[in-house]
Amino acid sequence: MTGPENTGPEGTGQAATRRMPVLDEPNGPPEGTGEPPAGATAPSPGPQGRARRFWSRRRLPAALLSLLLLLGLALLLYDVVAVRAGRKAMQWRKTLARELAERPLDDTWVLTGAGIAAVLGLWLLLLALTPGRRGLLSMTRYRPGVRGALHRDTAALVLRDRAMEVAGVQSARVRVKRRKAKVHAVSHFRELDEVRADLHTALAGGIGQLGLGHPPALAVRVSRPGRKG
């Protein structure tokens, strides 16, 4: 779930460069935010509210759970209606009722079923209480009702390009997480301390220009290329 590891100039893939920032404007643009009249100076926008994380809709777990509940309730309702109509109850319901009445609570199958039900319940609670979408980094909000996010692999690609512009850097590998951006650069000339300082300055400026609501901390490591053969 982390950003890609890009090494060397050839690491710029087309798929990564096509990923644009994610915009969310559910209520449409706010009123009175059109273009300023000719000759007027547009006010510089400031941050509008907190940069909250994007919540995943989790369509697949919700669809699977709804389908299972629908099938189970439909089968149970059909059996109840059949019994009310004078037919015999299905064998599975008779067996289930007998097993629930006769088996003790410390039975292995009862404990196994209870454990599975508890794990599924905790999983559903975890999905309900956590936002998910860890691949998106929330950006600073400059307009009410509009939220933006940047993919972590896109942020890693931008920072890798910044690192490759520093003198002495032969290759760079960047991994961007929600709270930290880890950079490992290989330098083939210049002092490592100088390259590390220049990298830290360039990447700190690059992180600031990404416009993230919660900029990740920067960790830079510089080493010499390994010997061939």
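**View 1. Helix H6 lies across strands E4, E5 and E6.** H6 runs at about 150° to E6, where contact means heavy atoms within 4.5 Å and angles run from 0 to 180 degrees between N-to-C directions of axes fitted to C-alpha atoms, for helices over the stretch in contact. Helices (H or I, at least four residues) and strands (E, at least two) are DSSP runs, numbered from the N terminus. The model is predicted: local features need pLDDT of at least 70, side-chain atom pairs count only at pLDDT 80 or more, and totals for chains, interfaces and linings use all residues. Residues are numbered from 1 along each chain as its sequence is written, and side-chain values use heavy atoms, with hydrogens and water left out.

**View 2. An open sheet of 3 strands has the order E4-E5-E6, with mixed pairing.** E4 and E6 (217–223) stand at the edges, each with a single partner strand, so one side of each lacks a neighbour in the sheet. Strands pair if DSSP finds at least two bridges between them. E5 and E6 run parallel, joined by 7 bridges, and Ala 181 stands opposite Leu 218 in E6.

**View 3. Strands E4 (residues 169–176) and E5 (residues 180–187) form a hairpin with 3 residues between them.** The pairing is antiparallel, over 7 bridges. Val 174 has Val 183 of E5 as its bridge partner.

**View 4. The axes of helices H5 (residues 152–164) and H6 (residues 192–209) come within 9 Å and cross at roughly 145°.** Leu 159, Arg 162 and Ala 163 of H5 make the contact, with H6 residues including Leu 199, Ala 202 and Leu 203. H5 also lies across E4 and E5, at about 155° to E4.
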